[in-house]
Amino acid sequence: MIDIEELKFDEKGLIPAIVQDYNTKQVLMLAYMNEESLKLSLEKGETYFFSRSRNEIWHKGETSGNTQKIKNIFYDCDEDALLIEVEPKGPACHTGNVSCFYRSFLGEVENYDMEILKKLYERVKDRKTNPAEGSYTNYLFEKGIDKILKKIGEETTEVVIASKNDSKEEIVYEVSDLLYHLIVLLVDKGIKLEDVYGELGRRYYKPKEFKEEHKERKK
């Protein structure tokens with residue numbers, strides 16, 4: 001680890017900072033920091049940047065509430081750029097988009113990585129707040145928790161059957177059904193995907209701690 005003073009700030013005393021979602025790894029924004037804003041970020045645990053247009057330090061989310069909790073800060077091999085991993089409380093972009101990088105020279109690109117789970121979660125959450133006529137998701141919410149749990153049980157059985165049939169396509173299809181219904185359950189119970197990511201991360205990075213806790217739960 002190097003001292004902040006050893007980083008290579010440009011002639012204006014700035015260094016570019018790429019901000020990335022800690023859980024989904026989606027790139028959220030690019031901003032600039034000076035030495036003071038970087039020190040503030042480290043001290044406060046949230047992102048502070050330097051505005052080149054206003055010539056002042058600004059706290060991300062100070063007015064919008066869309067703050068970014070810092071999980072880690074990396075510097076590159078040349079020590080002249082930063083990568084900041086955060087847990088965002090809302091969209092990074094002033095347009096309301098999750099990421100400032102929402103447009104492409106090559107047109108809209110279908111995203112089939114982990115980000116699709118977040119998009120699906122947000123859509124299901126929106127259905128609960130803004131019901132749409134004929135929506136299956138709204139049908140589940142209207143029927144209540146017993147119906148949701150029944151569907152999860154049914155889809156779990158379908159996954160087992162597909163696995164016994166040894167059909168990759170069938171397994172993928174049924175697991176997708178199960179994941180969808182699990183997301184409906186999470187939304188219904190007010191549980192965020194980040195809560196699940198956090199638990200999985202804890203198990204990955206602290207396996208011994210999880211193993212001991214698991215033993216206690218089984219007693």
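At what angle do the axes of helix α2 and helix α3 cross, and within what distance do they come? In this predicted model, the axes of α2 (residues 115-129) and α3 (residues 136-143) cross at roughly 60° and come within 9 Å. The two helices are therefore oblique to each other, since an angle has to reach 65 degrees to count as roughly perpendicular. The crossing of α2 past α3 is right-handed.

Which residues make that contact? On the α2 side they are V124, R127 and K128, and on the α3 side T137, N138 and F141.

**Salt bridges**

Now for the charged pairs. Side chains of opposite charge can pair when their charged atoms come close. How many salt bridges are there in this model? The count comes to 13.

| Pair | Closest N and O atoms |
|---|---|
| E85 and K25 | 3.1 Å |
| K39 and E35 | 3.1 Å |
| E194 and K118 | 4.0 Å |

Take E85 and K25 to begin with. This salt bridge, with its closest N and O atoms 3.1 Å apart, links distant parts of the chain: E85 belongs to strand β6 (residues 82-88), while K25 sits in the loop between β1 (15-21) and β2 (27-33), and 60 residues separate them. Is E85 buried or exposed? E85 counts as buried because its relative accessibility is 9%, and the cut-off for buried is under 20%. K25, on the other hand, is partly exposed, with 41% relative accessible area.

E194 is partly exposed at 27% relative accessible area, whereas K118 counts as buried at 13% relative accessibility.

Which residues are linked in a network of salt bridges? E199, R202, R203 and E209 are joined up in this way.

**Two more residues**

G61 is found in the loop between β4 (56-59) and β5 (68-75). With 10% relative accessibility, G61 counts as buried. What does G61 touch once its neighbours within four places in sequence are left aside? The answer is N66 and T67. As for A92, it is 31 residues away from G61 in sequence, and their C-alpha atoms are 8.6 Å apart in space.

K44 brings us back to helix α1. Between K44 and L14, 30 residues apart along the chain, the C-alpha separation is 19 Å.

Definitions and conventions:
Residues are numbered from 1 along each chain as its sequence is written. This is a predicted model: local features need pLDDT of at least 70, side-chain atom pairs count only at pLDDT 80 or more; totals for chains, interfaces and linings use all residues. Side-chain values use heavy atoms; hydrogens and water are left out. Axes are lines fitted to C-alpha atoms, for helices over the stretch in contact, and angles run from 0 to 180 degrees between N-to-C directions. Helices (H or I, at least four residues) and strands (E, at least two) are DSSP runs, numbered from the N terminus. Angles under 35 degrees count as roughly parallel, over 145 as roughly antiparallel, 65 to 115 as roughly perpendicular and the rest as oblique. A crossing is left-handed if the near helix is turned anticlockwise from the far one by less than a right angle, and right-handed if clockwise. Contact means heavy atoms within 4.5 Å. A salt bridge is a side-chain nitrogen of Lys or Arg within 4 Å of a carboxyl oxygen of Asp or Glu. Buried means under 20% relative accessible area, exposed over 50%, partly exposed in between (1.4 Å probe, protein chains only).
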